[in-house]
Amino acid sequence: MNHGIGLAMLRNFAQRLVAPIDGPLMLIAGLLLLLAVGMMGSASPERLNTQLVNVAVALVVMRIAAQVPPQRLMHMAVPIYLAGLLLLIAVALFGDVSKGARRWLNLGFMRAQPSELMKIAMPLLLAWYFQQREAMPRLRDYAIAAVLLLLPVALIARQPDLGTAVLVLAAGFYVIFFAGLSWKIMIGMAVAAAAAAPLAWNMLHDYQRNRIITLLDPEKDPLGKGFHIIQSTIAIGSGGIFGKGWRGGTQAQLEFIPERHTDFIFAVFSEEFGLLGNLLLLLLYALLIGRGLLIAANAATLFSRLLAGAVTMIFFTYAFVNMGMVSGILPVVGVPLPLISYGGTALVTLFIGIGILMSIHGNRMLVQK
């Protein structure tokens, strides 16, 4: 009898442990992590153990995020956003300067990068905001949402951290778009942005201008500013259809590719696994994004739909920007390849997003007020 009760308790505990975990989403993320471990073993073997620790931490954080119901996330949206905003202001006033950028805040026991928090806080807040205006958002509501979005983006861009600013801007824009922003307004915004391009150019830092000039003509300074793009495109092209094999890429193994374990790991992957490997990687990202959008479509509330849609499209933005800059069709802005590049902060942030998707999926049948 006691034996049966013990088995029942153990079974119930196991069910609670895996209940929020979405099988298809976890499978896709797991396959990407396997690729990440393999690539780290090639691009930077000395960092492999550290990255395995990062993966373990990210999975634990994902599990915690998956346990938080969407209703509680909605209640946390405003405090998290305000905390992130205050931390960004603190960075601007008291942050540590490293390599000419003021991005880190020294908390005594650790150094934090508050801009990473805004990748989650921004879609949370805007999804909450439009949930309050579910009946029929007006033009004024979209304008207020734009102000709420541009405030942290401006603070992050001022650090300067253009890559993170782009990701936070994209995360917020996706919520506004999914909330029903008119195409006419978006076309007007695009025209206004184009008209303001000369002013924006003058506001850029010198190194940011150089990145755009280098994108247009990397051969102008092949051993300096154009070195990154030239070497990465050589690696991508030399991979051919089938690639040179794991750890067989000359550009990577002879250390011609800078930052080959972080922002430029896609060049290493392309050289070693070729076009077929790239198609597999694109397929995994497409499946991840498709699963996320399916979760968004079946979500129980407007808040959950907007949040799930924005979190999902963040993966698209990461992949698109990284592959674009490594391939030489976008400026280098320091965006990692999602779930593949080395680093703990971005990995944890992305797995928080996956945990949120799992939470929304697990609560899809619940009517929340």
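Start with the whole chain and show its surface. The accessible surface comes to about 18,200 Å², and 69% of that belongs to carbon and sulfur atoms. Keep in mind that this is a predicted model.

Now switch to a cartoon view. The chain has 15 helices and three strands. Its radius of gyration is 22 Å, close to the 21 Å that the globule rule gives for 369 residues, so the chain is as compact as a globular protein of that length. The spans are about 75 × 55 × 45 Å.

Look inside next. Buried residues make up 47% of the 369 residues. Count the contacts with a separation of 6 or more: residues 24 or more positions apart account for 72% of them.

Colour by charge. There are 26 positive and 16 negative charges, and their mean positions are 12 Å apart.

**Stop 1: Leu307**

Select Leu307 in helix H14, residues 302-327. Is Leu307 buried or exposed? Leu307 has a relative accessible area of 0%, so it is buried. Show what surrounds it. Beyond its neighbours within four places in sequence, Leu307 is in contact with Leu73, Pro123, Leu124, Ala127, Ile356 and Ile360. Then pick Ala171. Ala171 is 136 residues from Leu307 along the chain, yet their C-alpha atoms are separated by 9.3 Å.

**Stop 2: the sheet**

Select the strands. They form an open sheet in the order S1-S2-S3, with antiparallel pairing. Strands of a sheet pair through backbone hydrogen bonds. How many bridges join S1 to S2? Three bridges do, and S2 covers residues 101-106. Zoom in on Ser98, which stands opposite Ala101 in S2.

**Stop 3**

Most residues other than glycine have a negative phi, and most peptide bonds are trans. Here are some exceptions.

- Select Gln159 and Pro160. The peptide bond from Gln159 to Pro160 is cis, with omega near -5°. Pro160 is in the loop between helix H6 (139-157) and helix H7 (162-178).
- Select Arg247. Its phi is positive, about 65°, although it is not a glycine. Arg247 lies in the loop between helix H11 (227-238) and helix H12 (250-253). Its relative accessibility is 41%, so Arg247 counts as partly exposed.
- Select Glu255. Its phi is also positive, about 60°, and it is not a glycine. Find Glu255 in the loop between H12 and helix H13 (265-297). At 56% relative accessibility, Glu255 counts as exposed.

Key:
Residues are numbered from 1 along each chain as its sequence is written. This is a predicted model: local features need pLDDT of at least 70, side-chain atom pairs count only at pLDDT 80 or more; totals for chains, interfaces and linings use all residues. Side-chain values use heavy atoms; hydrogens and water are left out. Helices (H or I, at least four residues) and strands (E, at least two) are DSSP runs, numbered from the N terminus. The radius of gyration is taken over C-alpha atoms; the globule rule is 2.2 Å times the number of residues to the power 0.38. Buried means under 20% relative accessible area, exposed over 50%, partly exposed in between (1.4 Å probe, protein chains only). Contact means heavy atoms within 4.5 Å. Accessible areas come from the Shrake-Rupley method with a 1.4 Å probe; for residues, only the protein chains shown count as cover. Lys and Arg count as positive and Asp and Glu as negative; His and the chain ends are not counted. The place of a charge is taken as NZ of Lys, CZ of Arg, CG of Asp or CD of Glu. Two strands pair if DSSP finds at least two bridges between them.
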